[in-house]
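Me: Please walk me through how to read a few features of a model. Keep it brisk.

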Amino acid sequence: PHLKTPNLDAMASNGLRFDRFYAGGPVCSPTRASVLTGRNHDRTGVYMHGSPLRLQEKTIAQAMGAAGYATGHFGKWHLNGIRGPGVPVLGDDVTSPGAIGFDTWLTVTNFFDLNPIMSRAGKFEEFKGDSSEVIVAEALKFMKQQEDGPFFAVIWYGSPHAPWMATEEDRAPFAHLSEIEQHHYGELVALDRSIGSLRAGLRDLGIADNTLFWYCSDNGGLPPFGPATVGGLRGFKSSIWEGGLRVPGIIEWPKVIKSGRVTKHPAGVVDMFPTLLEIVGGDQSSMTQPNDGMSLLSL
């Protein structure tokens, strides 16, 4: 009843919207492990938020690199065993994005808000502005540099997440709500705006039609903001009821998905790796076995 997301709405109306899409776990790190490996997070050693990814895992970044794609990670990482607020990742961290297959990375360990300090492959840099817009702008710079070949970019937002720090401008439409709600919804306004910037950036680069753009969340919403944040489902973040695991899922790929569709087919982040692997012509040897996902390309 309060928040509008026109850019996500436009993306969904132009692509494939999943009504039954699932995170890898009901909190952040487990879901990230499943995205990167196509496996249940327990297999990867990422049992809870802040658990490090097993170094034996084969990752989607490595597979895409082997297929000739430039690989980049931008934003939250949270797979190197460090808990607490996000801090820049050290260059020699054995579980950094670079250590598991990303050529380019601009990263913090966990959640981050306004004016973030981030690590560009170990070199610390300060940025001004909303964190969602910062990482999308940096990801677009990376994409622009790949004029001679394809790229695989992972953008992991820090928002929305406590302590919730939105700009005054983004809070303004929610002045009738509590301060915590103002900041929560304000962060989502900025996130949605960055989705619009990303979609526009792909069009400006002339690559929007044949770029597969996959959006989802890493867990359900939080109790302070009510059942509307989880679509009226039971449970919230940290719960394995549907409200903790069932999340938005959208794929926009105009060359392949010609018009907006909605599917009730159950799918999740565990299917991302197998899907992209089939698209680029890879084989099962690129994934650690056993693997738990399945390709959604036919869908």
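Me: Which residues of α4 are buried?

Reply: Buried means under 20% relative accessible area, exposed over 50%, partly exposed in between, with a 1.4 Å probe and protein chains only. In α4 the buried residues are S131, S132, V134, I135, V136, E138, A139, L140, F142 and M143. This is a predicted model, where local features need pLDDT of at least 70, side-chain atom pairs count only at pLDDT 80 or more, and totals for chains, interfaces and linings use all residues. Residues are numbered from 1 along each chain as its sequence is written, and side-chain values use heavy atoms, with hydrogens and water left out.

Me: What covers the buried residues of α4?

Reply: Start with the names. Helices (H or I, at least four residues) and strands (E, at least two) are DSSP runs, numbered from the N terminus. The cover includes β2 (70–76), β3 (104–108), β4 (117–120), β6 (151–156) and α6. Contact here means heavy atoms within 4.5 Å.

Me: What span is expected for α4, and what does the helix reach?

Reply: The expected span of a helix is 1.5 Å times one less than its number of residues. Helix α4 (residues 131–145) has 15 residues, and 21 Å is expected. From first C-alpha to last, α4 reaches 22 Å, close to that value.

Me: Which residue caps the N-terminal end of α4?

Reply: Look for a polar contact: a pair of N or O atoms within 3.5 Å. Within protein, one must be able to donate a hydrogen and the other to accept it; residues adjacent in sequence count only if both atoms are side-chain atoms. D130 is the cap, with a side-chain oxygen 2.9 Å from the backbone nitrogen of S132.

Me: How do α1 and α6 pack?

Reply: Two packed helices are described by the angle between their axes and the distance between the axes. Axes are lines fitted to C-alpha atoms, for helices over the stretch in contact, and angles run from 0 to 180 degrees between N-to-C directions. Helix α1 (residues 6–14) and helix α6 (residues 179–204) pack at about 50°, with axes 7 Å apart. That makes α1 oblique to α6. Angles under 35 degrees count as roughly parallel, over 145 as roughly antiparallel, 65 to 115 as roughly perpendicular and the rest as oblique.

Me: Which residues meet there?

Reply: From α1 come P6, N7, L8, A10, M11 and N14. From α6 come D192, R193, I195, G196 and R199. The contact residues divide into five nonpolar, three polar and three charged. Ala, Val, Leu, Ile, Met, Phe, Trp, Tyr, Cys and Pro count as nonpolar, Asp, Glu, Lys and Arg as charged, and the others, Gly among them, as polar.

Me: Is P97 buried or exposed?

Reply: P97 lies in the loop between β2 and β3. It has 0% relative accessibility, so P97 counts as buried. Leaving aside neighbours within four places in sequence, P97 contacts H73, W77, F102, W105 and T107. S96, in the loop between β2 and β3, counts as buried at 2%. With residues up to four places away in sequence not counted, S96 touches W77, V89, L90 and W105.

Me: Where is the backbone worth a check?

Reply: The peptide bond from S159 to P160 is cis, with omega near -5°. P160 sits in the loop between β6 and α5 (168–171). W164, in the loop between β6 and α5, has a positive phi of about 55° although it is not a glycine. W164 is buried, at 11%.
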